[in-house]
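Biologist: Could you walk me through this one slowly, as if I were new to reading structures? I will just ask things as they come to mind.

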Amino acid sequence: MPSKPSDVHVDGPLTNLALQFRNRSFVAEEVFPVVPVVKESDLYYTFSREELRDVDTRRAAGALAKEIEWVPSTASYVAEEYALRHLLADRIQQNADAAVNPRVNTTNKLMKWIQLGQEKRVQTVAQATGNSVATVAASPKWDGTSPTIEKDIDTAKDSVRNNAGVEPNAILLAENVKDVVKRDTTLRDLIRYVINLGAGNRELLMNGELPPVLFNLAVIVAGATEDTSKVGASSTIAKIWNDAVPVFYRETAVSLDTVTWGYVLRVQRPVVKSYRDEHRNGEYIEASIIQAEKLVTANAANLITDVLS
């Protein structure tokens with residue numbers, strides 16, 4: 001540990017690196033957008049659907065407008081700090097090849113670990129059956145005979161529309177689900193028919209992927225994996241996201257007073273500190289973040305489950 005508080009400082013270049021760090025397989029912040037907040041514990045708004053109920057808005061000449069009451073519900077959050085550090089021994093840094101930057105590589109490693117935890121926490125919320133307005137199992141399975149993928153998605157969209165009063169704008173597909181969807185003959189025909197309308201056909205034929213927008217839904221492909229084995233044991237690689245498919249609404253102009261499925265409420269953005277440990281002849285690199293991942297409106301999502309056999 002540092003000998004005195006002044007020995008600890010925020011490392012500007014490494015913090016900037018942490019802020020810019022992205023692992024394309026991590027999609028948590030595409031599902032639950034980040035909202036900056038000030039306090040580590042506070043209230044945030046949750047929303048119902050009172051605006052879907054028609055009211056008499058007629059006004060007689062000279063009369064006051066009819067007054068209605070709308071009071072948003074609230075829920076509480078408690079942010080947690082997530083932090084890791086690694087000791088870079090002086091001998092390691094002094095003997096590193098010119099092409100190797102131990103401080104940069106260490107920062108990237110720490111951010112991968114921190115973001116892995118975030119990915120798992122958001123997945124736990126997003127694919128839980130109680131956190132969407134409805135959960136409907138795919139029948140037939142999408143990898144079975146004569147799947148009805150478009151119909152299933154339309155049903156999910158209609159559910160969000162009817163219950164949240166918003167148009168769903170995103171769909172999440174685990175990597176293995178995406179592979180099944182892109183091989184579906186009906187969808188391939190649809191993509192081929194619109195070759196002159198956009199890049200969808202090129203995405204499928206040249207990059208081997210689905211177009212970025214499908215049925216007016218932004219396609220989010222979740223490919224993150226983790227090693228679930230104990231330290232020292234043989235690796236056991238598992239997918240973080242299962243085959244449940246959320247169709248949902250995410251607010252693009254993020255704020256605490258808008259309807260959305262969920263938010264990452266972030267108190268502290270990623271910060272990287274460095275400090276000496278003379279007893280161990282090295283420098284600690286420490287990365288941290290403070291946030292909470294919270295469901296805002298269950299009505300803003302519909303979960304299609306068991307899409308694969």
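Biologist: Which residue stands opposite L303 in β15?

Modeller: In this model, which is a predicted one, T135 stands opposite L303 in strand β15. The two strands concerned, β6 and β15, run parallel and are joined by four bridges.

Biologist: What is the strand order in the whole sheet?

Modeller: It is an open sheet of six strands, and reading across it the order is β6-β15-β12-β7-β9-β8, with mixed pairing. At the edges are β6, covering residues 134-137, and β8, covering 213-214, each of which pairs on one side only.

Biologist: Which helix packs on that sheet?

Modeller: Helix α5 does, where it touches β6, β7, β9, β12 and β15, and its direction makes about 150° with the direction of β15.

Biologist: Next topic, the inside of the protein: which residues touch the most other members of the largest nonpolar core?

Modeller: That core has 47 residues, and those touching the most other members are V31, W142, V177, W241 and I304. Several elements supply at least two residues each, including helix α4 (102-126), helix α5 (149-164), strand β7 (170-174) and strand β15 (301-305). Apart from this core there is another one, made of ten residues, among them V35, V37, Y77 and I290.

Biologist: What is W142 in contact with, if I skip its neighbours within four places in sequence?

Modeller: With those neighbours left aside, the contacts of W142 include P147, I149, L173, V177, V245 and I304, and also D152.

Biologist: You mentioned α4, so where does V125 sit, and is it buried or exposed?

Modeller: V125 lies in helix α4, and because its relative accessible area is 17%, below the 20% limit, it counts as buried. Beyond the residues up to four places away in sequence, V125 touches F32, N131 and L295. Its C-alpha atom is 7.8 Å from that of K294, although V125 and K294 are 169 residues apart along the chain.

Biologist: And T106, buried or exposed?

Modeller: T106 is found in helix α4 too, and its relative accessibility is 9%, so it counts as buried. Leaving out neighbours within four places in sequence, T106 is in contact with H86, L88 and I285.

Biologist: Switching to rings, how many aromatic pairs are there?

Modeller: Searching the whole structure gives four aromatic pairs. In one of them, F248 and W261 are tilted, with 4.9 Å from centre to centre and 40° between the planes. This pair links distant parts of the chain, since F248 is in strand β12 while W261, 13 residues apart from it, is in the loop between β12 and β13. Both F248 and W261 are buried.

Biologist: Which residues make up the cluster with F248?

Modeller: F32, F248 and W261 form one aromatic cluster, and F32 is also one of the residues that V125 touches.

Biologist: How are Y275 and Y284 arranged?

Modeller: Y275 and Y284 form a tilted pair, 5.5 Å centre to centre and with 40° between the planes. Y275 counts as buried because its relative accessibility is 5%, and Y284 does so at 6%.

Biologist: Last one, what lies over the face of Y284?

Modeller: That is R85, at 3.9 Å from the ring centre of Y284. There is also R121, whose charged end sits over the ring of Y82 at 3.7 Å from its centre.

Terms used. Residues are numbered from 1 along each chain as its sequence is written. This is a predicted model: local features need pLDDT of at least 70, side-chain atom pairs count only at pLDDT 80 or more; totals for chains, interfaces and linings use all residues. Side-chain values use heavy atoms; hydrogens and water are left out. A nonpolar core is a set of buried Ala, Val, Leu, Ile, Met, Phe, Trp, Tyr and Cys residues joined through side-chain atoms within 4.5 Å. Buried means under 20% relative accessible area, exposed over 50%, partly exposed in between (1.4 Å probe, protein chains only). Contact means heavy atoms within 4.5 Å. Two strands pair if DSSP finds at least two bridges between them. Axes are lines fitted to C-alpha atoms, for helices over the stretch in contact, and angles run from 0 to 180 degrees between N-to-C directions. Rings of Phe, Tyr and Trp (its six-membered ring) pair if their centres lie within 6.5 Å; planes under 30 degrees apart count as stacked, over 60 as edge-to-face and the rest as tilted. A charge sits over a ring if NZ of Lys or CZ of Arg is within 6 Å of the ring centre and within 35 degrees of the ring normal.
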